[in-house]
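Try each task before reading its solution.

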Amino acid sequence: MPGLLSYLDFTLEQYARLCRAIKGSKYQVLTMRELLECSSQDGHLLIMRHDVDEDARNALDMARVEHDLGIRATYYFRVRKRVFVPAIIDEIALYGHEIGYHYETLDKTRGKTRRALSLFAAELAMLRERYEIKTACMHGNPLTKYDNKKIWENCELGHFDLIGEPYLSLDYNQFLYLSDSGRTWLRNKNKIKDRVSSINMPPVQVKHTGDLIELITGGGFEKICILTHPKRWSKNLINYLTYYFIDLAYNAGKKVTRVMFLL
Ligand SMILES: [Zn+2]
């Protein structure tokens with residue numbers, strides 16, 4: 001008899017279904033770096049972006065699912081305990097996925113731009129001791145008042161030998177942007193920072209992962225960028241329920257205490 005988890009959305013099993021649908025579709029999956037280095041962006045293209053916020057082990061589970069299907073994704077890692085775990089990131093890199101830097105230096109320096117830029121350089125250098133980092137992506141912490149990508153008001157990506165930042169380098173009037181933030185694919189009305197503005201995109205009704213699979217199978221949008229947070233795609237019920245309740249609290253507009261993050 002199938003377990004309870006098989007009836008739920010946002011599980012590793014559902015993610016594998018999504019990946020199989022992508023594999024069987026007309027979309028070519030590119031990493032962020034590949035897309036930016038590509039001379040032509042013709043045809044059906046899809047970016048699979050993962051923001052690794054809490055625990056690198058969840059990312060490894062996803063990376064294996066993708067690798068089994070020959071899909072290469074882009075993983076952005078925060079520099080913090082349980083996320084910057086070289087033994088795990090090494091394996092993800094070995095699978096051919098792009099490793100990127102998930103920065104939050106304005107949060108960490110409480111809005112001090114100069115300090116944020118030097119911390120950015122230091123953390124990036126640490127990641128580069130092991131990985132070739134060409135793109136970086138901001139972390140949007142709903143519990144802080146800072147917008148981490150504001151460091152780019154004072155500095156260029158090229159200064160750090162970076163070629164792209166998903167919030168700055170992709171045109172979201174061309175790329176349909178779908179994020180699992182808030183445990184739904186619907187455009188989130190809650191106070192989240194990982195939104196993008198896309199004026200010319202028609203509204204899409206993608207609520208469940210099954211809807212997203214249909215959209216991908218249909219191929220109606222030529223360019224798609226999918227953002228997932230690996231912590232949300234659990235392979236066991238305890239992990240699922242932990243993040244389910246954290247999401248529920250976010251969606252209710254409550255402040256989640258640091259204690260909950262330690263779960
Ligand atoms: Zn993040």
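**Exercise 1. Find the residues with the most contacts inside the largest nonpolar core.**

Solution. The largest nonpolar core holds 77 residues. Such a core is a set of buried Ala, Val, Leu, Ile, Met, Phe, Trp, Tyr and Cys residues joined through side-chain atoms within 4.5 Å; buried means under 20% relative accessible area, with a 1.4 Å probe and protein chains only. Phe 77, Phe 120 and Ile 224 have the most contacts inside this core. Its largest share, seven residues, comes from α1.

The model is predicted: local features need pLDDT of at least 70, side-chain atom pairs count only at pLDDT 80 or more, and totals for chains, interfaces and linings use all residues. Residues are numbered from 1 along each chain as its sequence is written, and side-chain values use heavy atoms, without hydrogens or water.

**Exercise 2. Work out how α1 and α8 are oriented to each other.**

Solution. Start with the axes of α1 (residues 12–23) and α8 (residues 209–218): they come within 9 Å and cross at roughly 5°. Angles under 35 degrees count as roughly parallel, so the two helices are roughly parallel to each other. Next, list the contacts (heavy atoms within 4.5 Å). Gln 14, Arg 17, Leu 18, Ala 21 and Ile 22 of α1 meet Thr 209, Leu 212, Ile 213 and Ile 216 of α8. Six of these residues are nonpolar, two polar and one charged.

Technical notes
Axes are lines fitted to C-alpha atoms, for helices over the stretch in contact, and angles run from 0 to 180 degrees between N-to-C directions. Helices (H or I, at least four residues) and strands (E, at least two) are DSSP runs, numbered from the N terminus. Angles under 35 degrees count as roughly parallel, over 145 as roughly antiparallel, 65 to 115 as roughly perpendicular and the rest as oblique. Ala, Val, Leu, Ile, Met, Phe, Trp, Tyr, Cys and Pro count as nonpolar, Asp, Glu, Lys and Arg as charged, and the others, Gly among them, as polar. Buried means under 20% relative accessible area, exposed over 50%, partly exposed in between (1.4 Å probe, protein chains only).
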